[in-house]
Amino acid sequence: MKVYGDQDADISYISKKVVAILGYGNQGRAQALNLRDSGVSVVVGNIEDSYAQTARSDGFEVYSPAEAAQRGDILALLVPDEVQAEVYATSIAPHIRPRQVLDFAAGYNIHFGLIRPPADVDVIMVAPRMIGVNVRRAFETGGGVPAFVDVWQNASGQGMEIALAFAKGIGATRAGVLPVSFRDEVEIDLFTEQALWPAIVNALVTSYELLVEKGYAPEAVLMELWGTGEAAEIMTEMARTGLFRQMTYHSRTSQYGTLTNFDRVIPGGLKANFETALERIRSGKFAEEFAEEKHRDYPVYQELRKKALAHSLNEVEDKVRNFLDMAFKAGTHQKAAAHS
Ligand code: NDP
């Protein structure tokens, strides 16, 4: 797969245009600041609230989303995925004009047909693979975070050049930009959220419940399983050194135990369940269900969240909060290196 770097992107495709950042949240703030530092004109569209105040104190001109959408040549829709269709319908669709560019940081609304732009605009995606605060932090220290780019609709014939210029403006080409379709971006992202993370969270809760049931102290169990941040350090090392190669930081006992039980703890593996989860995403069933859930003001989400937050492990976390904070601040990488 081609990886685009700085040399593949020409900022002049956007440097004479105005980028309207619609939504000054996680991604909005980081991308607006990075683009401005890259010499691009940026205006912000947000309703009058604390986000708008932050944008103003960062030195941006702030307008209503509808007015910013009219002022911008490139409209970066950076509000949460579940409200994008609404913001598009009320603030963009009534004024959208030929040759404008609609930019997304995720494929969801375009791929599932919740937003259907007219044929005479470009529709691009520049999707950083990182939370907003790190998009900014990496840029400020001379780096960048990787991103996926794609062109859904290429009315101008320059969609990819514009997407790459935008990626350069936010610093992503410094790290590397991969051409990944809107569809693949959203399906991989949802799969991670709906298969991988539930499996990991379930494994943690099941381990906690089992060990506490068997008489181990809840505080000790919680610290060992996730409390110290050691698990996070191991994940970081997986990214840095390699999923299996990072195992050399652990003792022989640890490596032997992990490798011999890899296939044993879930006989038959997770694949069949994961395939079902993927099929639900690919068929559009999840998007339908989630639209209905939003329409009913998230009753299932509220109920499940309430249940999760009522789990007794939350109280144990509160009890050892000081200890957890100190362990986390101290960093656990060295501990991981020497860990049995
Ligand atoms: P945030 O939750 O940080 O967005 C907050 C912004 O959206 C605020 O400006 C808020 O303003 C505005 N907003 C929220 N609700 C509404 C509404 N109903 N009408 C108008 N504006 C609203 O979003 P993210 O930055 O997390 O996500 C933006 C996009 O970036 C999404 O497509 C997401 O998938 C993508 N993305 C996010 C990543 C992340 O790390 N968060 C990583 C990569 C991509 P106000 O409340 O004042 O209206």
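Predicted model: local features only at pLDDT ≥ 70, side-chain atom pairs only at ≥ 80, totals over all residues.

Guide: Let's go through the domains, the ligand site and the salt bridges.

Visitor: How is the chain divided?
Guide: You get domain 1 (6-180) and domain 2 (185-228 + 267-339); the bounds come from an automatic or database domain assignment. Their C-alpha centres lie 31 Å apart. The contact (heavy atoms within 4.5 Å) takes 14 residues from domain 1 and 12 residues from domain 2.

Visitor: How much area do they bury between them?
Guide: About 950 Å², with 66% of it on carbon and sulfur atoms. That's the accessible area (1.4 Å probe) that two parts lose on being put together, summed over both. In domain 1, Glu82, Tyr108 and Phe112 lose the most area to domain 2, together 54% of what that side buries.

Visitor: How many salt bridges are there between the domains?
Guide: Three, a salt bridge being a side-chain nitrogen of Lys or Arg within 4 Å of a carboxyl oxygen of Asp or Glu. Elsewhere in the list of pairs, glutamate 86 forms a salt bridge with lysine 294, and their closest N and O atoms are 2.9 Å apart.

Visitor: OK, switching to the ligand. Which residues come nearest?
Guide: Tyr24, Asn26, Asn46, Asp49 and Asp81, out of 22 residues around the ligand. To count as near, a residue needs a heavy atom within 4 Å.

Visitor: And what sits by the ligand's oxygen atoms?
Guide: A polar backbone atom of tyrosine 24 is 2.7 Å from a ligand oxygen. For glutamine 27, a backbone N or O atom lies 2.8 Å from an oxygen of the ligand. Aspartate 81 uses a polar side-chain atom, 2.5 Å from a ligand oxygen.

Visitor: Back to salt bridges. How many does the whole structure have?
Guide: The search finds 15. One of them joins aspartate 58 and arginine 29, with the closest N and O atoms 2.6 Å apart. This pair links distant parts of the chain, 29 residues apart: aspartate 58 is in the loop between α3 (50-57) and β3 (62-63), and arginine 29 is in helix α2 (residues 26-37). Helices (H or I, at least four residues) and strands (E, at least two) are DSSP runs, numbered from the N terminus.

How values were computed
Residues numbered from 1 in each chain as written. Heavy atoms only, no water. Polar contact = N/O pair within 3.5 Å; in protein donor to acceptor, adjacent residues only side chain to side chain.
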